[in-house]
Amino acid sequence: MEIEGNLNLIGYGLASIGSAIGVGLIFAAYINGVARQPEAQRILQPIALLGFALAEALAILGLVFAFVL
């Protein structure tokens, strides 16, 4: 019995799970912060969006590496 496939895709799957957990933690912290201090929403929102963008960029980078390597 021969196993066909590519281990790179398993690595990408793990990277995407990590990214999803990171995005969840980022927005959970954002919602918690806004619930505690609604006046701080203007300060917290750009930070949350920047964290979201960085977490998603790492997932996209993992996808690129899965196909390149």
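Predicted model: local features only at pLDDT ≥ 70, side-chain atom pairs only at ≥ 80, totals over all residues.
Local features need pLDDT of at least 70, side-chain atom pairs count only at pLDDT 80 or more, and totals for chains, interfaces and linings use all residues. Residues are numbered from 1 along each chain as its sequence is written, and side-chain values use heavy atoms, with hydrogens and water left out.

An unreviewed UniProt entry places the feature "domain: V-ATPase proteolipid subunit C-like" at residues 11-69. UniProt annotations may be inferred rather than shown by experiment. This span is 92% helix and 0% strand. Its end C-alpha atoms are 11 Å apart. The entry also places "transmembrane region" at residues 12-35 and 47-68. Residues 12-35 are 100% helix, with end C-alpha atoms 34 Å apart. Residues 47-68 are 100% helix, with end C-alpha atoms 31 Å apart.

Helices are DSSP runs (H or I, at least four residues), numbered from the N terminus. The axes of α1 (residues 7-36) and α2 (residues 41-68) come within 8 Å and cross at roughly 175°. The two helices are therefore roughly antiparallel (over 145 degrees; axes are lines fitted to C-alpha atoms over the stretch in contact, with angles from 0 to 180 degrees between N-to-C directions). The residues of this contact (heavy atoms within 4.5 Å) divide into 13 nonpolar, seven polar and one charged. Gly counts as polar.

Serine 19 lies in α1. Its relative accessibility is 7%, so serine 19 counts as buried (under 20% relative accessible area, 1.4 Å probe, protein chains only). Beyond its neighbours within four places in sequence, serine 19 contacts Ala55, Glu56 and Ala59.

Conventions. Buried < 20%, exposed > 50% of the residue type's maximum accessible area, 1.4 Å probe, protein only. Parallel < 35°, antiparallel > 145°, perpendicular 65-115°, else oblique.
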